[in-house]
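I set out to look up the charged side-chain pairs in this structure. These entries record what I found, pair by pair.

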Amino acid sequence: VGHQNPEKAIMYRESEDHSWRKLWQAEDDEDVLFPLGFTQDGKRFIVKTYGDNDTLGLHEFDPDQKELVREVFVLPDVDIDDAIFDYKKKGVIAVTYLEGGQTKHHYFDDFSRKHLAGFDALEEGEERFVRSSSRDYRYFSLIVSGSRNPGTFYFFDRETGQTTKVGDQIS
């Protein structure tokens, strides 16, 4: 998948053996369609767009039909900022959005809600981002940052519940 500017078009090819083809073309400056990843089966894209809503949300886009085929998640009052994918399960596990100047998370599955939502409580008023995890989801690396903190790196052991500060990013 590629995003072609300034034309605002989405280009796609199934493999390096196939030619690029245009899947979507913006009709005006208001049109947005941002590819974020693939569905679990790898046949459709997860995109950020308005669809039939007033806010940006997650939708499935079918490259064969060249159209949105399903609304995945939309919030009525705020735009979705990004999607968090679990590449082991190959699916979207959460979305991020800004509310009151803070990045918030909405988790879709019980595991993420139970184990990743705990990171939201590390530092009040700062944003948290999971950077990686071990294959069995016991260990996580994350970064916490805010207006007065360019970034603090943490290591989290889910089994013990222990969070260890690794270091600070220097601006």
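**Salt bridges in the predicted model**

I began with Arg44 and Glu60, which form a salt bridge whose closest N and O atoms are 3.2 Å apart. Arg44 lies in the loop between strand 4 (33-38) and strand 5 (45-49), whereas Glu60 belongs to strand 6, so this pair ties together parts that are 16 residues apart in sequence. I noted that the model is a predicted one.

I then looked up the accessibility of both partners. Arg44 counts as partly exposed, at 27% relative accessibility. Glu60 has a relative accessible area of 9% and is buried, because the cut-off for buried is under 20%.

Which residues are linked with Arg44 and Glu60 in a network of salt bridges? I found Asp62 and Arg70 in that network.

Next I turned to Arg138 and Asp157, whose side chains meet in a salt bridge at 2.8 Å, N to O. Arg138 is in the loop between strand 11 (127-133) and strand 12 (139-146), and Asp157 is in strand 13 (residues 149-157), so the pair ties together parts 19 residues apart in sequence. Asp157 counts as buried, at 9% relative accessibility.

I also recorded the salt bridge of Arg21 with Asp64, with the closest N and O atoms 3.8 Å apart. This pair links distant parts of the chain, 43 residues apart: Arg21 is in strand 3 (residues 21-25), and Asp64 is in the loop between strand 6 (57-62) and strand 7 (67-73). Arg21 is partly exposed, with a relative accessible area of 26%, whereas Asp64 is exposed at 64%.

Finally, I searched the whole structure and noted 7 salt bridges.

Definitions and conventions: Residues are numbered from 1 along each chain as its sequence is written. This is a predicted model: local features need pLDDT of at least 70, side-chain atom pairs count only at pLDDT 80 or more; totals for chains, interfaces and linings use all residues. Side-chain values use heavy atoms; hydrogens and water are left out. A salt bridge is a side-chain nitrogen of Lys or Arg within 4 Å of a carboxyl oxygen of Asp or Glu. Helices (H or I, at least four residues) and strands (E, at least two) are DSSP runs, numbered from the N terminus. Buried means under 20% relative accessible area, exposed over 50%, partly exposed in between (1.4 Å probe, protein chains only).
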